[in-house]
Amino acid sequence: MPKVTKAEFDNFKSQTRKEGEDCNCPVWYNKGALGHEYAVSLPSRDYYWSPRAGGFFQLHSRARRFWTGIESKKRVSSWIWQRNNAFGKLGENKRAEMPAISEELAREIAAQSLPSTEERIDRALWEIGEPPRALEGPIGFLNGEFRTNENESSLFQAATCCGTDLAEMNWLLDELLAAGLIRNTSSEKHIPKYMLTLKGLHRLETGGEALVSNNAFVAMWFDDDVSMAFEQGIEPAIRNAGFAPLRIDRKHHVGKIDDEIVAQIRRSRFIVCDLTSSLLDDPDAESGKTPVARGGVYYEAGFAHGLGKTVIWTCRRDVVEHIHFDLRQYNCILWERGKEEVLQEELNARIRAVIV
């Protein structure tokens, strides 16, 4: 998929919407789920515009078999919105890959966790936008399908993973109102108009944690044996993808180390977890070596996973057979000593596919 600037992306998206023809959304399969704005596509190129699915994207036909239920559809819509949203924050003359869902990527998206509540709040504020922009209703069901009267409302659903559940949508909006982050400025009882308050605008501009986080937490063994993997592989891969790598042993702090680790994982956009372990000589072992797994690394990855953060796994090839059984199901990037540039390329590609 070619890399394009924000301006090129916007032009391509507009062209797709203008020249395409009405069709069913390839994620949600029906026009009703899209509200009053139908999906449009250029069939020969498999490009789609679907606000219900999160925006503009390319889809390979074989990828569709990975979203068969509501939860998987929420995940793919969330990913599409996230990639479209990334172009809104792309710097001038910077380039990023357009959202393209291959069969392999669809499988990875289906295994991801849905955004945490904190991230959903930040996404909601981002989608409503800075005043005087507003999210207008009514929002509700028609003939059993989720309907809205505004394109932005459909994108709001994709951003916050509300799916086709009206109760879930209303709960999120009610909580934003109760927290003082938004207010209803409409004088019409049945047509709400949600706008950010000063408190909501402040959170949008300064963070919550998820929206503006540019950090990528790195969990790994702090030893010279893997230092080149970090310095020539992991660190440049993260930076080249537009994120700031954070390794707790290289960050100044005055608090308890455990508290600082938890805080930094919470603030990070995603986590890179290298499962490389040390090997001790053991004449009684069949291989002559006994692995010493890094318990802290497993803890940090588990904590991030529990928060709904995306975890990207790496491991040195010669010790991959010693990864704990519970984690062997995950797609792990394998690297070798002396070939750290290959690790850099593969990790950068994985970050851009799953995160950026």
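In what follows, the axis of a helix is a line fitted to C-alpha atoms over the stretch in contact, and an angle between two axes runs from 0 to 180 degrees between N-to-C directions. The model described here is predicted.

## Helices that pack together

Helix α8, which spans residues 227-240, packs against α11 at an angle of about 30 degrees, and the two axes lie 8 Å apart. Because angles under 35 degrees count as roughly parallel, α8 and α11 are roughly parallel to each other. The crossing of α8 over α11 is right-handed. On the α8 side, the contact is made by Met 228, Ala 229, Gln 232, Gly 233, Ile 234, Pro 236, Ala 237, Ile 238 and Asn 240, while α11 contributes Glu 340, Glu 341, Leu 343, Gln 344, Leu 347, Asn 348, Ile 351 and Arg 352. Sorted by class, the contact of α8 with α11 has nine nonpolar, five polar and three charged residues.

Helix α11 also meets α2, and here the axes come within 9 Å and cross at roughly 105 degrees. That angle makes α2 roughly perpendicular to α11. Trp 79, Gln 82 and Arg 83 of α2 make this contact with Arg 352, Ala 353 and Val 354 of α11. The residues of the contact of α2 with α11 divide into three nonpolar, one polar and two charged.

A further pair is formed by α4 and helix α6 (residues 166-178), whose axes come within 11 Å and cross at roughly 80 degrees. From α4, Thr 117, Arg 120, Ile 121, Ala 124 and Leu 125 take part, and from α6 the contact is made by Glu 168, Trp 171, Leu 172 and Leu 176. In the contact of α4 with α6, six residues are nonpolar, one is polar and two are charged.

The loop between α4 and β8 (135-136) holds Pro 132, and the peptide bond from Pro 131 to Pro 132 is cis, with omega near 10 degrees.

## Spaces among the atoms

Rolling a probe the size of a water molecule over the atoms shows where empty space is left. Two such spaces are set side by side in the table.

| Space | Volume | Lining residues by class |
|---|---|---|
| Second largest pocket | about 440 Å³ | six nonpolar, seven polar, five charged |
| Largest cavity | about 240 Å³ | eight nonpolar, eight polar, five charged |

The second largest pocket holds about 440 Å³ of space. It is lined by 18 residues, of which Glu 108, Ala 111, Val 311, Trp 313 and Tyr 330 are the closest to its centre. Elements that each supply at least two residues of the lining of this second largest pocket include α3 (103-111), β18 (310-316) and α11 (340-354).

How many cavities of 30 Å³ or more does the structure hold? There is one cavity of 30 Å³ or more. The largest cavity is lined by 21 residues, and those nearest its centre are Gln 82, Ser 113, Arg 123, Arg 269 and Thr 310. Both α2 (70-88) and α4 (117-128) supply at least two residues each to the lining of the largest cavity, and the largest share of that lining, four residues, comes from α2.

Conventions. Residues numbered from 1 in each chain as written. Predicted model: local features only at pLDDT ≥ 70, side-chain atom pairs only at ≥ 80, totals over all residues. Heavy atoms only, no water. 1 Å grid on protein atoms, 1.4 Å probe; cavity = no way out; pocket = protein on both sides within 12 Å on 5 of 7 lines; lining within 4 Å. Points joined across faces, edges and corners; volume = space filled by probe spheres on them. Nonpolar A, V, L, I, M, F, W, Y, C, P; charged D, E, K, R; others polar. Parallel < 35°, antiparallel > 145°, perpendicular 65-115°, else oblique. Left-handed = near helix turned anticlockwise from the far one by under 90°. Contact = heavy atoms within 4.5 Å.
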